[in-house]
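Please read the following note with the sequence and the model side by side. It is written as a set of numbered points for a reader new to protein structure.

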Amino acid sequence: MNPKQIADYMLGQDYFSQWMNIRMIEVKENYCLIEMPIKKDMINGLKTVHGGVTFAFADSALAFSSNNSGDAAVALNCIINFTKAGKEGDIFRAESKLVNDTRKTAVYDIQITNQNEELIAKFVGTVYKIGKKVTEL
């Protein structure tokens, strides 16, 4: 399977990402660009996007980019910086790029922007390569 097919395979089993209405925009090996509409049930008590939703969206981008070679990887460490509050009706995009790759780990930079290309959050994720194929899990 190519990277897009692997990412689609994963999304087909990822009910949480489906609940978030994530859509694949572009997928290449160790890279993905995904999109998500912000709906009412993603809003917190301050009428902005709940931080956990933004984190989960970035985590999905990490998963789709770090596993799309077919070799399974799991999150080892993730850091997020929130730079702007999102609101209901926004369209978030997450772009995940590989920045460092070793035999057992890899580091990805993920930027989340809104429909106006304003930076919503910056996320750095480190993954551990578990030595199995995505389709074996």
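The points below take up the basis of the model, the strands, the nonpolar core and the pockets.

1. Basis. This is a predicted model, in which local features need pLDDT of at least 70 and side-chain atom pairs count only at pLDDT 80 or more, while totals for chains, interfaces and linings use all residues. Residues are numbered from 1 along each chain as its sequence is written, and side-chain values use heavy atoms, with hydrogens and water left out.

2. Pairing of E2 and E4. Helices (H or I, at least four residues) and strands (E, at least two) are DSSP runs, numbered from the N terminus. Two strands pair if DSSP finds at least two bridges between them. Strands E2 (31–37) and E4 (91–101) run antiparallel and are joined by 7 bridges. Within this pairing, Ile34 has Ala94 in E4 as its bridge partner.

3. Pairing of E4 and E5. Strand E4 also pairs with E5 (105–113) in the antiparallel sense, over 8 bridges. A hairpin through 3 residues connects E4 to E5.

4. Pairing of E5 and E6. Strand E5 pairs with E6 (119–133) over 9 bridges, again in the antiparallel sense. Val124 in E6 is the bridge partner of Asp109. These two strands form a hairpin with 5 residues between them, and Glu117 in the turn has a positive phi of about 65 degrees.

5. The nonpolar core. A nonpolar core is a set of buried Ala, Val, Leu, Ile, Met, Phe, Trp, Tyr and Cys residues joined through side-chain atoms within 4.5 Å. The largest such core has 35 residues, of which Ile34, Met36, Phe57, Phe64, Phe92, Ile110 and Ile112 touch the most other members. The largest share, 7 residues, comes from H3.

6. Two residues in detail. Contact means heavy atoms within 4.5 Å. Leaving aside neighbours within four places in sequence, Ile34 is in contact with residues including Phe57, Phe64 and Phe92.

7. The largest pocket. A pocket is an open set of points on a 1 Å grid over the protein atoms alone where a 1.4 Å probe fits, with protein on both sides within 12 Å along at least five of seven lines; lining residues have an atom within 4 Å of a point. Grid points are joined across faces, edges and corners, and a volume is the space filled by probe spheres set on the points. The largest pocket holds about 380 Å³. Of its 21 lining residues, Met10, Asp14, Ala63, Asn67 and Ala73 lie nearest its centre. Helix H3 gives the most to this lining, with 6 residues.

8. The second largest pocket. This pocket has a volume of about 160 Å³. Its lining includes Ala94, Thr113 and Glu117, and E4 gives the most to that lining, with 4 residues. By class, the lining has 3 nonpolar, 4 polar and 4 charged residues; Ala, Val, Leu, Ile, Met, Phe, Trp, Tyr, Cys and Pro count as nonpolar, Asp, Glu, Lys and Arg as charged, and the others, Gly among them, as polar.

Note on methods:
Buried means under 20% relative accessible area, exposed over 50%, partly exposed in between (1.4 Å probe, protein chains only).
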